[in-house]
Amino acid sequence: MSKFFKRLLNDSSSSDEEERNMWFAAVIEFERQNSQGSGSGDRSSRQYRYRDRVSGHSRLLNDYFVENPVYDETLFRRRFRLSQPLFLRILHTLQQHNDYFVQRRNAANTVGLSGEQKMTAALRMLAYGMSADSLDEYVRIGETTTIECVKRFCQGVVEIFGPEYLRSPNAADISRLLRKANQRGFPGMLGSLDCMHWAWKNCPAAYHGMYTGHVHRPTIVLEAVASYDLWIWHAFFGMPGSNNDINVLDASNLFANLQEGCGPSVNYTIMGNHYNMGYYLADGIYPKWATIVQSILHPQDLAHEFFAKKHESYRKDVERAFGVLQARFAIVRRPARFWHHEDLTFIMKACIILHNMIIEDERVDDNGLVAMASGNDDYDSLGTDSPVEVSRGPISFDHFMATNRAIRDSNTHYALRRDIIAHLWTLHGQGVIE
């Protein structure tokens, strides 16, 4: 209230009570008109848009979810990146976990957005990497609500499906991986290891130096292990882009279970020599450890050349997994536009979980046929006929340090690589591997 009006109201000359009340009402109306639109938080300055959410929900159901939809299962798979049964399985699980995805009425008895609309908005943003307001015309959902859907969807997927689809391989998984590795000529191989950088467009200016590395822009590193079927068994995300692959490996928990003695161990024999730790194929930047096998940069004979050829071929499994992950979910291929590191972590983990769920849902058998899995199928129920020793229980500190030294033993690294080279060359001479 201005000083002029305060003096006017307090003036002793205005003795008439009715006149004072009229002046007071005029002052209140004047102040109210001046305060309208002065701040972004004023409700009167926000424009309300009637989006007709019910018609948007009906259109979405008629397009994809009725008995005879406009678009068939092939188009559904292309646009949502997953099958309709898998979509509904995730939706029903999310609705039981968080009532945010349940359609409700607000205080004005108006029907809100349905779970199909919210999940469609989240999946479209993950799949196409589009802006939040681009879904308004079809899904009838606002920009801020779309961003909220993406955050809640990714967090729910990680909390519900993370323990199953981001776990380390168990005994059954290792048995299947060892069978396939033995067919390839690499006994004891558990997958291939590498890192991927995700550009962070909206990285805070104070963090630019820490997150900027060899790509000359802020990035966040994902360390992953992928198998022959592109399943991602290990995902360590969050390290700043200024770190190289060695720094990320030292900070990750890739060999934590092996060091602590609480996971399956691998026992196999190559050229008469026994080994009790599995290994991963990696490129030349990684250290010479007993659990990492690298290629030969300059092979000097035919055996070494054949090993380098096969090594580079099978090491591409993780590169293919990165490519498929980015092709399915463009949000991790394009620069991230979210501000908070925690949101990016949930998004990356959710995309990896969905990637593994799609692989399980569209599993390819040994005959090359696609076997669509139901929600109750278990990906690791494929037999355990390989030499795998399950959990060995707690160990002492001395045993922990001895295991740590065995993992980092370079002599075992070179001996293992020599045995693999000889084994591959023997199989090639027998015509087993071309």
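Are Arg167 and Asp173 buried or exposed? Both are buried (under 20% relative accessible area; exposed is over 50%, partly exposed in between; 1.4 Å probe, protein chains only). This is a predicted model, in which local features need pLDDT of at least 70 and side-chain atom pairs count only at pLDDT 80 or more, while totals for chains, interfaces and linings use all residues. Residues are numbered from 1 along each chain as its sequence is written, and side-chain values use heavy atoms, leaving out hydrogens and water.

**View 1. A salt-bridge network around Asp173.** Salt bridges link Arg167, Asp173, Arg176 and Asp229 in a network (a salt bridge is a side-chain nitrogen of Lys or Arg within 4 Å of a carboxyl oxygen of Asp or Glu). Between Arg167 and Asp173, the closest N and O atoms are 2.4 Å apart. Asp173 also meets Arg176, at 3.8 Å from N to O. Asp173 has 0% relative accessibility, and Arg176 is buried too, at 5%.

View 2. Arg152 is partly exposed at 31% relative accessibility, as is Glu148 at 32%.

**View 3. Helix 3 meets helix 6.** The axes of helix 3 (residues 53-65) and helix 6 (residues 115-128), lines fitted to C-alpha atoms over the stretch in contact, come within 10 Å and cross at roughly 70 degrees, on a scale from 0 to 180 degrees between N-to-C directions. The two helices are therefore roughly perpendicular (65 to 115 degrees). Contacting residues (heavy atoms within 4.5 Å) include Tyr64 in helix 3 and Arg124 in helix 6.

Terms used
Helices (H or I, at least four residues) and strands (E, at least two) are DSSP runs, numbered from the N terminus. Angles under 35 degrees count as roughly parallel, over 145 as roughly antiparallel, 65 to 115 as roughly perpendicular and the rest as oblique.
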